[in-house]
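Reader: Hi! Could you walk me through this one? I'm new to reading structures.
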Number of protein chains: 2
Amino acid sequence: MATIKDVSRLAGVSVATVSRVLNQKGYVHEDTEKKVMNAIRELDYIPNDVARSLTKKSAKMLALLVPDITNPFFNELARAVEKVTQLYGYATILCNSDDTPANEKQYIHALKQKYIDGFILASNTLSAEEVQQLDVPVVTLDRTISDTIPTVASDNREGARQGVQFLLDRGCNKIAHIRGPQQLSIADERCQGYLDVVQETAWFSPDLIFEGNFNLNQATEAANRLLDRHPDLDGIFAGNDIMAMGALRAVQKRGIPVPDRMQIVGFDGISLGEMVYPELTTIAQSIYEMGLLAARMLIKMIERKPLDTMHYKLPVELIRRGTTR
Amino acid sequence: MATIKDVSRLAGVSVATVSRVLNQKGYVHEDTEKKVMNAIRELDYIPNDVARSLTKKSAKMLALLVPDITNPFFNELARAVEKVTQLYGYATILCNSDDTPANEKQYIHALKQKYIDGFILASNTLSAEEVQQLDVPVVTLDRTISDTIPTVASDNREGARQGVQFLLDRGCNKIAHIRGPQQLSIADERCQGYLDVVQETAWFSPDLIFEGNFNLNQATEAANRLLDRHPDLDGIFAGNDIMAMGALRAVQKRGIPVPDRMQIVGFDGISLGEMVYPELTTIAQSIYEMGLLAARMLIKMIERKPLDTMHYKLPVELIRRGTTR
DNA sequence: CTGTTAGCGCCTTCAC
DNA sequence: GTGAAGGCGCTAACAG
């Protein structure tokens, strides 16, 4: 593997000159540039990124921290992030935190030793101060840690409102909510949106809300309890699509026809929702867009370009499919 | 961020000595070792990976090339690979090839400039020679390129046989196969397994085999054609779970009861299969295991430890669920 | 415009 | 046992 020295020798110039043409920095005569270029081509020379990183203190790499890459939301995100980094000449390092703070910290410290340029935090167990003290650019997803840390998120509350309102409009008379984990802000926001719509109705009662932990099986169980307790239930709004699918399964198992006697709306818009029958009506986030945005923001920050917006709140979209009338 | 120099100064020794205790190499007096350790602790010193990479020509990173991280098979794989690398102090770089040779090549060259230690090739458009010439350790998944390149794969043909045989045993009288893309060896093997079982039956005809491209929608379409052409069809063996789900959807849409009038078996054992109703009967690969194995093998190769086996062919397991009687 | 030189942080002979 | 010095490959002043 040729080095810059080989090139300089072949071109009959100094390494500094080669470096200059490589980085298009400083003046260099057209003729010498050509000589250098030829030498580069002849030797198939490609600059060594590691050496470059050492001097630049930047590795052209960024890390994506997710709780679980197996979760459709996060792998769609990963897909987008990877796309952008690839495009801009960065590499993306994948980190599975399992939502464990210790893991996150370990990753972050390990990666800083590699001159990682920035982090996209989709997993998010770190406190505001911890993130602040990272002294590396960070973008967080779905959670505003502080005004100084850029975020991209969806309008969860408004989305939830739309979903529940839609159920109402389609004729539901009693709607339950299977919500995500306590203290996870997106779960709270969606639950809040549900409440915004139903709180004042005659039929509402707090035990229409069950915890499903963003998890299929727990949601199935929650749906079962719900059905036992409220035989007249005819609508379920789930805090995410996975839980909606869990509920759908429970409902189908009981032989209750969907959407005729039970309508279901999920949240996220993961492609999985189209794979079940009936296909899931859902409040779709632009997951891929969120990934693109987050990655582009981060790269801008790394390259010290100005950000147009610090906090993106993306609109969501109701996608009407088979689980509603 | 402290450097080795800071440590040496504080400990009153030379950098060489610090390096020695760091790498446990060469002799160093017990007392000086202690002094060094203390200095390290006091300064919270962590060696700089980039500098280390530059001299060692190894970055403690490996790359995972997949066609699409969004595919459940590959993200489960990624999960496993990441787990292992994390455990052994490596980082894993995620690469989405979209099954495009150009992309793969670009990734590989870019990463070699970063002193990537090895590749796990799950995406696989490269020819044998190209892989051979990489002069970096490689493990391939689901495809044997040459005897010198380690692989991990499932026993696809035997698995397919089991799946089809099971359909027969459960009373199917006419079984179709929706297969994966031509020229993809795993698709061929599974198709071959299907043929092994049905080829000699009275009802078999080649137009019971349709191409579904490992893709949900194409499989749905294939199932529709199949149902049009063979109204007496009562069993479908799909080349993977995604296609099985596509078929299931088509069948359900026509109001054909599953498993009573139609039974379906998939292949892969992705967790998605449990999310539909009825849940998918499938030939499960140990996807996570495959990932663990591949990563461990690769790391062994990188660290020049001997491999017990060059080619793993993992057993598969029939998981009996709701789409069969 | 171009070359010289001094790092970046670490590892590795080679003397002592 | 330990230290000095050179080198990994590249960038960034600073001269000229």
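Reader: Which helices each supply at least two residues of the surface near DNA strand C?
Author: In this predicted model, they are helix H2 (15–23) and helix H4 (49–56) of chain A, plus helix H2 (15–23) and helix H4 (49–56) of chain B. Near means that a heavy atom of the residue lies within 4 Å; helices (H or I, at least four residues) and strands (E, at least two) are DSSP runs numbered from the N terminus.

Reader: Which part of DNA strand C does the Arg20(A) side chain approach?
Author: A base oxygen, 2.3 Å from a side-chain N or O atom of Arg20(A). Ser14(A) instead has a backbone N or O atom 3.0 Å from a phosphate oxygen, and for Asn48(B) a backbone N or O atom is 2.9 Å from a phosphate oxygen.

Reader: New topic: what order do the six strands of the open sheet in chain B follow?
Author: The order is E7-E6-E8-E9-E10-E12, with mixed pairing; strands pair if DSSP finds at least two bridges between them. Strand E7 (209–211) and strand E12 (317–319) are the edges, each pairing on one side only.

Reader: And in what sense do E9 and E10 of chain B pair?
Author: Parallel, over four bridges. Phe267(B) stands opposite Ile283(B) there.

Reader: How is everything numbered?
Author: Residues count from 1 along each chain as its sequence is written, while chains are lettered from A and ligands numbered from 1 in the order written. Local features need pLDDT of at least 70, side-chain atom pairs count only at pLDDT 80 or more, totals for chains, interfaces and linings use all residues, and side-chain values use heavy atoms, leaving out hydrogens and water.

Notes
A polar contact is a pair of N or O atoms within 3.5 Å; within protein, one must be able to donate a hydrogen and the other to accept it, and residues adjacent in sequence count only if both atoms are side-chain atoms.
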